[in-house]
Amino acid sequence: PYGTSKLYKAALQWKDFGTINELPASIDASILSLSVLKGSLSPQFSPSLLNYVVELPAGTTLAPTVSFVLKDLGATDSVSTAKVLPGKTEIIVTAQDGKTINKYTVSFTVAEINVSKIAIIPHSLPTLSIANTVALNTSIFPLNADNQSFVWSSSDSSIVSVDSTGILTALKAGTVTIRAQSTVINTVQDSLIVTIQTPDVI
């Protein structure tokens, strides 16, 4: 029949045209953009850079959301979100070929809460006699500072010595400055003037 002949000729023409080859699977496993809800990436984002650091403000307890866009929408991704801080969020991108893989990592750190003030207690002492001992204490602010370590020192340890626990001992007559100083921020300190009286001459 006429209709069958037309279909046969069309089939022969298609056969003569040849088959159309499929395009090879993409090997692009990169990210087009990457951002965080809070803080900023360091270094700045580049598709060729895989590792980043974000420092969050002191006191932050939850990792912010990480957003990204795949460069090749045919690629697939798997995300592992930071559960604690410090921690990291990992984005694994697999290209269409199933073999090319990139792992982008965003590491979150939290800025420390720094000491802002040290106060020696008591803040003044009466004149001491040789061989007297006094126990000094400190108050540190803020109370939740991350590193509260400090050191004691005497301007002249031959007159008054002070040990690592704040026990000072009067050794001879004179006046000294006792200081408590942060080991993190050396400008955070407090001082106390201590005077040792000259022994009475009999």
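Three strands form an open sheet in the order E10-E13-E14, and their pairing is antiparallel. Strands here are DSSP runs of E with at least two residues, numbered from the N terminus. Two strands count as paired if DSSP finds at least two bridges between them. The edges of the sheet are strand E10 (150-154) and strand E14 (189-196), each of which pairs on one side only. From one strand to the next, the twist averages 15°.

The model is predicted, with local features requiring pLDDT of at least 70, side-chain atom pairs counting only at pLDDT 80 or more, and totals for chains, interfaces and linings using all residues. Residues are numbered from 1 along each chain as its sequence is written, and side-chain values use heavy atoms, leaving out hydrogens and water.

Strand E13 covers residues 174-182. Five bridges join E13 to E10, and the two run antiparallel. Within E13, Ser182 stands opposite Phe150.

A further open sheet has three strands, ordered E8-E12-E11. Its pairing is antiparallel. Here the edge strands are E8 (133-135) and E11 (160-162); each pairs on one side only. Neighbouring strands of this sheet are turned against each other by 20° on average, with direction ignored.

Strand E12 spans residues 167-170. E12 pairs with E8 in the antiparallel sense, over three bridges. Ala135 stands opposite Ile167, a residue of E12. In general, strands of a sheet pair through backbone hydrogen bonds, either parallel or antiparallel.

Technical notes
Helices (H or I, at least four residues) and strands (E, at least two) are DSSP runs, numbered from the N terminus. Axes are lines fitted to C-alpha atoms, for helices over the stretch in contact, and angles run from 0 to 180 degrees between N-to-C directions.
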